[in-house]
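I wanted to look at the aromatic rings in this model and at the charges placed over them. My notes follow.

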Amino acid sequence: MKHLLSLFTILLLSFPLFAQEEKELKPVSLEADFFYGSVLEHNPDIEHLISGHPTGFIFSFNRKTYGFNEWERRYNYPDWGVTVAFQNLHNEYLGNVLGAYGHINWYFLNRNLMVRVGQGIAYSDLNYDPENNYNNNAYGTNLLSTTFLKGNYVRENIWKGLGFHAGFTVIHYSNANFKAPNNSTNSFLLNAGVSYQLDYKEFPEYIHKEDSLSKTHAERFKYNLAFRTGLNESDVVGLGQEPFYELSFFVDKRLNYKSTLTAGVDVFFSTFLKELIKYRSIAYPEDGLSGDEDYKRVGIFVGHEWRFNRVAFVSQLGYYVYWPYAFENRIYNRLGLKRYFFDDNIFASVTVHAHWAKAEAVEFGVGYRL
């Protein structure tokens, strides 16, 4: 189920994501990059997996925007598209990874600086195996969730549609605790490449509609009910995957086109904790656990939604007010994407529930907004 996070994101970013205001042209560009870099030691447990310098290639398809829709004008005409990346990690236990992403490009400094964020799904040809590859404690599964950040100096259409770019890329691979082990990897890479704009002679001019940008889009307080579920596993290898269920009650206040504030209550039914409590009560009697501790948790949170028409990037910070078993810590966070339907009354979401940088689960949710 965790891989639906990446698939859902790719579909959001590369399908007709934003409602169109009028018929528009569809200018596109293609990119190809080579990269070289290092795996970062974010966790001492993966020190033995850092033995070489990763190399690879990035190929991207970009749909250019020119202001035909309101969200394009409000966000300085970003691009969106699909990226495929191949990475050789130059380590006998990690092997090679092939990833596919949906991405968005943001432009700054007179469009000479481009920042790209991508989320997708990756396949590793080597993963943890208790007999054949026990040294790979980074990837518990062949299929991984993956995120990348790319910051580049860009010059497009220098000569007959051709351009170049160079900068850095950070690529993260993880399975978000869907299956242990899950220490993950982060690669810092230097990249350089070329781009080509198809039909460069017919690219349109940027459209400016100041009247539409004057709309506030502010709304009154709205009440929400959400249900989330999925599968995850504790860090104890072999303890088994368990389902979890979550209920959320919250209020939101949309301030303007881009921002909505939220606050509410989460109730967590994480059955993997039930099994972990039983295990630790037997394996570690010095912890003083009886094995009957309640695995349920209740948290309160505040949050923000960064809106792109009917899509929102969700960020929340919470605190467990009911925490009978001390798992990780009392502060938690949630990051992910939400898509609104039917006049914003129904929504679907894919989010990561974590304790700072340590993921607990990928959550698949649906909800209703009054």
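I started with F168, which is partly exposed at a relative accessible area of 30%. The model is predicted, so I treat every value here as computed from it.

I then looked up F188 and found 36% relative accessibility, which counts as partly exposed.

Next I took the two rings together. The centres of F168 and F188 are 5.8 Å apart and their planes meet at 15°, so I logged the pair as stacked. Stacked requires planes under 30 degrees apart.

I checked where the two residues sit. F168 belongs to strand β7 (residues 162-174) and F188 to strand β8 (residues 185-197), so this pair ties together parts 20 residues apart in sequence.

I noted the total for the model: 24 aromatic pairs. Among them is F57 with F59, another stacked pair, at 6.4 Å centre to centre and 15° between the planes.

F57 has a relative accessible area of 40% and is partly exposed. F59 is also partly exposed, at 46% relative accessibility.

I asked which residues form one aromatic cluster. I found Y66, Y77, F203 and Y206 in it.

Last, I looked for charges over rings. R111 lies over the face of Y107, 4.1 Å from the ring centre. K338 is placed over the face of F347, at 4.2 Å from the ring centre.

Conventions: Residues numbered from 1 in each chain as written. Predicted model: local features only at pLDDT ≥ 70, side-chain atom pairs only at ≥ 80, totals over all residues. Heavy atoms only, no water. Phe/Tyr/Trp six-rings, centres within 6.5 Å; stacked < 30°, edge-to-face > 60°. Buried < 20%, exposed > 50% of the residue type's maximum accessible area, 1.4 Å probe, protein only. Helix = DSSP H or I, 4+ residues; strand = E, 2+ residues; numbered from the N terminus. Lys NZ or Arg CZ within 6 Å of the ring centre and 35° of its normal.
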